[in-house]
Amino acid sequence: KDRLSTRNILRRKNMQLESYNCMLCQLTSEETVQHLFLECPFAKSCWNMFNITFSQDSDFREALLEIRAQVHSHFFMILTILMCWAISTARNDLIFKCVQTSVNALKEFFFYRELNLLTARAKSKDASTFDLWIQNLL
């Protein structure tokens, strides 16, 4: 819905930037939502931690279906949201704090910060299933 301020959207809003290319991969690819979360080599490496790959030219809705098919869990949406959040946080840390990240740093952020916070909020009836799912991810 064009709510994430990617460089592509900022360009469309006539904001002047030095570059509209993706900061995470430094390729000459314009930073769009599609590129940031699905096409960027950094994002692909992050998704690959869970053996998730996308078809060439998948849009975001198709990618969601592909994630669901590859994860085989009703927690696939949690994985999707947290991974997008982690990639977005890595991008923002690079832009606003000049902190270069790595896939290993993102993995630590994903598992030991965000997933732990989510585990603490899991409903008691789902807690054991959720814990088992997390152990399988590790």
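## The largest pocket

Let's start with the most open part of this predicted model: 14 residues line the largest pocket, and Lys1, Leu4, Val33, Phe37 and Phe60 are the ones nearest its centre. Two or more residues of this lining come from each of helix H2 (33–39), helix H4 (60–71) and helix H5 (76–97). H5 makes the largest contribution, with six residues. The space inside comes to about 490 Å³. By class, the lining has nine nonpolar, two polar and three charged residues.

On a 1 Å grid over the protein atoms alone, a pocket is an open set of points with protein on both sides within 12 Å along at least five of seven lines, whereas a cavity is a set of points where a 1.4 Å probe fits but cannot get out; a lining residue has an atom within 4 Å of a point. Points are joined across faces, edges and corners, and the volume is the space filled by probe spheres set on them. Helices are DSSP runs (H or I, at least four residues), numbered from the N terminus. Nonpolar covers Ala, Val, Leu, Ile, Met, Phe, Trp, Tyr, Cys and Pro; charged covers Asp, Glu, Lys and Arg; the others, Gly among them, are polar.

## How the model is read

Residues are numbered from 1 along each chain as its sequence is written, and side-chain values use heavy atoms, with hydrogens and water left out. As the model is predicted, local features need pLDDT of at least 70 and side-chain atom pairs count only at pLDDT 80 or more, while totals for chains, interfaces and linings use all residues.

## The second largest pocket

The second largest pocket has a volume of about 210 Å³. Its lining includes Gln34, Leu38 and Glu39, along with Lys44 and Trp47 and the run Ile52, Thr53, Phe54, Ser55, Gln56, Asp57 and Ser58. H2 and helix H3 (41–48) each supply at least two of the lining residues, and H2 gives the most, with three. Sorted by class, four residues of this lining are nonpolar, five are polar and three are charged.

Asp57 sits in the loop between H3 and H4 and has a positive phi of about 65° although it is not a glycine. Most residues other than glycine have a negative phi. At 64% relative accessibility, Asp57 counts as exposed (exposed means over 50% relative accessible area, buried under 20%, and partly exposed in between, with a 1.4 Å probe and protein chains only).

Asn14 is placed in the loop between helix H1 (7–12) and H2, with a positive phi near 65°. Asn14 is exposed because its relative accessibility is 64%.

## Where H3 meets H5

The axes of H3 and H5 come within 11 Å and cross at roughly 140°; axes are lines fitted to C-alpha atoms, for helices over the stretch in contact, and angles run from 0 to 180 degrees between N-to-C directions. The crossing is right-handed, a term for a near helix turned clockwise from the far one by less than a right angle, with anticlockwise giving left-handed.

On the H3 side, Phe42, Ala43, Cys46 and Trp47 meet Thr80, Met83, Cys84, Ile87 and Ala90 of H5, where contact means heavy atoms within 4.5 Å. This contact has eight nonpolar residues, one polar and no charged ones.

Phe110 and Phe111 both belong to helix H6 (residues 103–121). Phe110 is buried, as its relative accessible area is 0%, and Phe111 is buried at 4%. Leaving aside neighbours within four places in sequence, Phe110 contacts Phe50, Leu79, Leu82, Met83 and Leu115. The C-alpha atoms of Phe110 and Ala86 are 6.3 Å apart, across 24 residues of chain. For Phe111 and Leu137, 26 residues apart along the chain, the C-alpha separation is 9.3 Å.

In H2 we find His35, which is buried at 3% relative accessibility. With neighbours within four places set aside, His35 is in contact with Cys22, Cys25, Ser29, Glu30 and Cys40.

## Gln70 in H4

Is Gln70 buried, exposed or partly exposed? Gln70, a residue of helix H4, is partly exposed because its relative accessible area is 29%. Beyond neighbours within four places in sequence, Gln70 contacts Asn51, Ile52 and Thr53.
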